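User: I'm new to reading protein models and I'd like to know where the labels come from. Could you walk me through a few of them?

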Amino acid sequence: MSSGSELRTRPLDAKPARTRMLLFVYGTLCRGEPNHRVLGKARFVAHVRTAPFYDLVDLGHFPALLEGGSTAVHGELYEVDESWVGHVDAFEDVPVLYDRKPVRLEGRAAIGYVMRPEVAGAAPRIASGDWRRHASRQQPQAFATD
């Protein structure tokens, strides 16, 4: 028989530990972008880039990450409760529009939303790998009047 000091129990009112995941985002889910709210209470970790094995394409109002390219894609890394990831999956229309899968970042790994090439079609490639920079250049410029 063991003594009570050898037993390690959780108090009855203790909450179970939450499982957290690292999520890479690169478009409208980033801070200051229109869909950032979808991340809920996710904690910002860092500005990051992928390893140069992807392409970023322009689908009009949002980008898509494609595997098999040669671009380092710019984005943000968040720590997200695993229980919340299903909400983000629903927003990203997984598995119809995107697949959630591991993404290789410079120096670490995370999960991210990757589109299959046949879904992206012939969408134009964003050579810089930076959606914000690309989108800001696509905005109509105000013109000066005399």
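Analyst: Happy to. This is a predicted model, and the protein in it has three helices and seven strands. From the N terminus on, the elements run β-β-β-β-β-α-β-β-α-α.

User: Why is the pair R49 and E106 called a salt bridge?

Analyst: The label needs a side-chain nitrogen of Lys or Arg within 4 Å of a carboxyl oxygen of Asp or Glu. For R49 and E106 the N to O distance is 2.8 Å, so the pair passes the 4 Å cut-off. R49 sits in strand β2 and E106 in the loop between β6 and β7, 57 residues apart.

User: And what makes R132 and E76 a salt bridge?

Analyst: Here the N to O distance is 3.6 Å, and the limit is 4 Å, so the label holds again. R132 lies in helix α3 and E76 in strand β5, so this pair ties together parts that are 56 residues apart in sequence.

User: Why is E76 called buried?

Analyst: Buried means under 20% relative accessible area. E76 has 2%, so the label is buried.

User: Which label does D55 get, buried or exposed?

Analyst: Buried, because D55 has 18% relative accessibility and the cut-off is under 20%. D55 also forms a salt bridge with R125, the closest N and O atoms being 2.8 Å apart. R125 is in the loop between α2 and α3 and D55 is in strand β3, so the pair ties together parts 70 residues apart in sequence. R125, at 42%, counts as partly exposed.

User: How many salt bridges does the structure hold?

Analyst: There are 12. Some share partners: R20, R43, E79 and D81 are joined into one network that way.

User: What is the phi of D93, positive or negative?

Analyst: Positive, at about 60 degrees, although D93 is not a glycine. D93 is in the loop between α1 and β6, and its relative accessible area of 34% makes it partly exposed. That loop also holds P95, and a cis peptide bond, with omega about 5 degrees, joins V94 and P95.

User: Last one: how much of the whole protein counts as buried?

Analyst: Buried residues make up 39% of the 146 residues. As for the surface, the protein exposes about 9,300 Å², and carbon and sulfur atoms supply 53% of it.

Key. Residues are numbered from 1 along each chain as its sequence is written. This is a predicted model: local features need pLDDT of at least 70, side-chain atom pairs count only at pLDDT 80 or more; totals for chains, interfaces and linings use all residues. Side-chain values use heavy atoms; hydrogens and water are left out. Helices (H or I, at least four residues) and strands (E, at least two) are DSSP runs, numbered from the N terminus. Buried means under 20% relative accessible area, exposed over 50%, partly exposed in between (1.4 Å probe, protein chains only). Accessible areas come from the Shrake-Rupley method with a 1.4 Å probe; for residues, only the protein chains shown count as cover.
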